[in-house]
Structures are given as structure tokens and as C-alpha cells.
Amino acid sequence: MTVHQKLQSSIDAWTHSVESISELVAPLAESEWNRATECPGWSVRDVVSHVIGVECEMLGDPRPIHTLPRDLFHVVDEFSRYIEVPVDVRRCHTAPEMTSELEYTIIRRSRQLRNESRDPGTTVRGLMGKDTTLDELLTMRAFDVWVHEQDLRRALRVPGNLDSPGAQLVRDRLLEALPKVVAKDAGVPPGSSVVFDVTGETEFMRTVRVDGHGRGRLDSHVTLAPTVSLSMDWETYLRLACGRVRPAAVREQVKVEGDAELASAVLANMAVTP
């Protein structure tokens, strides 16, 4: 048996991103592991710990038994508490301990994925014990790892891989979320259209049209007179869509045309990941 072709693209994207993370952090000095990232409350060490922790869970390793401190302001619900445990347990780990565990986890997980022979639709256990499909699980692992690679690159000021296989996968998933962002979350009224013009390493232009029933639809054709037009570079779009920054922080990087009030509503609701 070989890996199903539908799964291979996610595995390839995951592999490229996680190996890039390993190469990125390998030469870091101890102090650089403490640099803050755009993930609330997380340092470079914490982001890498998160990647290690989730991949260990995917391998079937037991979760650490650990009580979280009470003063972690970014732990606000059951999901963030669940995610934080494997992060907090590694906060005392040294740089060599972190890089060694990351490398070993990548070796184990890569071997597991090379031997994956199940159908993409197979029901598997996801985070917090929730059932999902194998296809969805691997897609979201590739998504998560690439987004965190970019978190690390921004924190360390080492840009790169904004057009990698992971970038293409993340773009496609974020585009799937746009109709809901525009029509439901931002409340753009029926009959309106919103154009997203994204430039840079991963570029696209899409229109979300809101029909008479208030449902959004993604269209690759750009209307000549949209209600709102939003233009920005790919990294700015990514940071907004992944909740890394608030619109006010990137005001200079976003060009708005059309209805300013609706544009503000769309930008305020662009975050689709925790």
C-alpha cells in the first residue's frame, strides 16, 4: 500500500514547513528562543513546543500530566488550556533539548506518514478527542505548521517560504472561509460584492458576492464596481486572517475603496483561526 494521492499534497506541505522550522531554529542562541511572537503569550520556544506537542499527540504519545499556572492571560477557554499544557511543560527546556526533541519528533512523524495507507475519508481522532477525517486532519496539520513557521520567521526576522506548498494550502483554506467572513460575520448586505486583491509571493484576486438570501459566494471573476475593494500584500492578509494583528495595526498596508463602513466590518472579522 502507498499513501493516497489526495493525502500526499498535505504531507508534502507539512514536511516542507516542519523541516524549515527545524533549520530555522537549529542555530538559535538561547536568548533567541525567548523572543515574543504574534501568538499571544507565546515565545519562539512556545511555538516550537506547540508543534512538537501536537505532532507527538498525532503519534499517539500520552499527553503530559501537568498543572498550568493560574496567571496565563492567554489561556481563556478549554481549547487554549488543552493546547497550552504541552507548551508550558517545555518552558524550562534548553535550546539543545528543544532542537533535539524537534528533530526526533520529525523523524518519527515522517516515518509514520510515509507508511500511511488508510483512505482519506477514514475517521480518526483529532485534537481534544474529536472525530475527523484523515484528510482533514493532515490538511490542518499542514496549515498549522506553515502558519507557525511564518510566526517564527517574523519573530526572528528571517522571511521566507511565503510561496511554498504550505502557503498554497493555507491560501486555499482561507479562501474557503471568505464567504462566511463577508456575508455572516461582517454582515455585508444582500446584493453587495467585496473584492480581495492580494499581491506578493502568493497572489490572488477574488470576489465575494452576497445573494438575495444573504449567502456569500466566492467568485474568481472580479466585478467592475464592487461595493468594497480591499488590496493588500499576502503577508498582511495572512496576519489578519490568522488573527495575528488587528486591522488598525496594518492600516497603512491595506488600501480600501468603496464603502468604508463595510470595509471596516470585513477587516474586523477576517480572523478565521484561533
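Modeller: The buried residues of H7 pack against helix H5 (134-156), H6, strand E3 (193-199), E4, strand E6 (228-233) and helix H8 (260-268). Contact means heavy atoms within 4.5 Å. This is a predicted model: local features need pLDDT of at least 70, side-chain atom pairs count only at pLDDT 80 or more, and totals for chains, interfaces and linings use all residues. Residues are numbered from 1 along each chain as its sequence is written, and side-chain values use heavy atoms, without hydrogens and water.

Biologist: How many residues of H7 are buried?

Modeller: Buried means under 20% relative accessible area, with a 1.4 Å probe and protein chains only. The buried residues include Trp234 and Tyr237. H7 is largely enclosed by the rest of the structure, because the buried residues number 7 of the 8.

Biologist: How are H6 and H7 oriented to each other?

Modeller: The axes, lines fitted to C-alpha atoms over the stretch in contact, come within 11 Å and cross at roughly 60°. Angles under 35 degrees count as roughly parallel, over 145 as roughly antiparallel, 65 to 115 as roughly perpendicular and the rest as oblique. H6 and H7 are therefore oblique.

Biologist: Which residues of H7 meet H6?

Modeller: On the H6 side are Ala167, Val170, Arg171, Leu174 and Leu178. Their partners in H7 are Trp234, Tyr237, Leu238 and Ala241.

Biologist: Which residue has a side-chain oxygen close to the backbone nitrogen of Glu235?

Modeller: This pair sits at the start of H7. The oxygen reaches to within 3.1 Å of that nitrogen, and belongs to Asp233.

Technical notes. Axes are lines fitted to C-alpha atoms, for helices over the stretch in contact, and angles run from 0 to 180 degrees between N-to-C directions. Helices (H or I, at least four residues) and strands (E, at least two) are DSSP runs, numbered from the N terminus. Buried means under 20% relative accessible area, exposed over 50%, partly exposed in between (1.4 Å probe, protein chains only). A polar contact is a pair of N or O atoms within 3.5 Å; within protein, one must be able to donate a hydrogen and the other to accept it, and residues adjacent in sequence count only if both atoms are side-chain atoms.
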